[in-house]
Amino acid sequence: MRGTMQSRFLRPPGALPENEFLATCIRCGKCVQACPYGTIKTASLLDGVTVMGTPVIYARDRPCYLCMKCPPVCPSGALKRGLKEKEQVRMGTAVIAKKECLAWQETLCRSCFDDCPLIGEAIIMDNELRPVVDDKKCVGCGICENVCPVDPAAVAVRPGGKG
């Protein structure tokens, strides 16, 4: 019995678990075409033969704005339909590198908190005004990673989730 493969790529909203996603995605590019923000890209040969042609999101460059236009156009079911609310999405989870995060180094910064689409839920500020991610509410859209002023970003989305 083979274990479930963990994706190293951020997938669009509604993506099946990685093994199922790779087996189901027909690499048609319809989700790429449907994305009004140009967020969804096509994995290249440099990303690996098994993922080549599949949709990926590079959040640091352009995050997912959760418009939800991609799942309905997926003909294979690799992106589950029926996600009505952005809170239902589970693309991954943001992780804050406290040693690199300005707020955790006693410099006022609220970029990830202020730009999170789940205002006051997925990223909260602790009593010392430092960002903390709520794993149960973070949808993994990558907006926090995209707006982080530190280079490389002090917050990154760990891919994986259900939907």
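E128 and R130 form a salt bridge, with the closest N and O atoms 3.6 Å apart; the term means a side-chain nitrogen of Lys or Arg within 4 Å of a carboxyl oxygen of Asp or Glu. R130 also forms a salt bridge with D126, at 2.9 Å between the closest N and O atoms. Shared partners join D126, E128 and R130 into one network. E128 is exposed, with a relative accessible area of 58%. Exposed means over 50%, buried under 20%, and partly exposed in between, with a 1.4 Å probe and protein chains only.

A note on the source: this is a predicted model, where local features need pLDDT of at least 70, side-chain atom pairs count only at pLDDT 80 or more, and totals for chains, interfaces and linings use all residues. Residues are numbered from 1 along each chain as its sequence is written, and side-chain values use heavy atoms, leaving out hydrogens and water.

The count of salt bridges comes to four. Another of them links the side chains of R110 and D114, at 3.0 Å from N to O. R110 is partly exposed at 33% relative accessible area, and D114 is partly exposed at 46%.

Now the strands, which are DSSP runs of E with at least two residues, numbered from the N terminus. Strand β3, residues 92-96, has four of its five residues buried, so it is largely enclosed by the rest of the structure. β3 pairs with strand β6, residues 155-159, in the antiparallel sense over five bridges; pairing requires at least two bridges found by DSSP. Opposite G92 stands P159 in β6.
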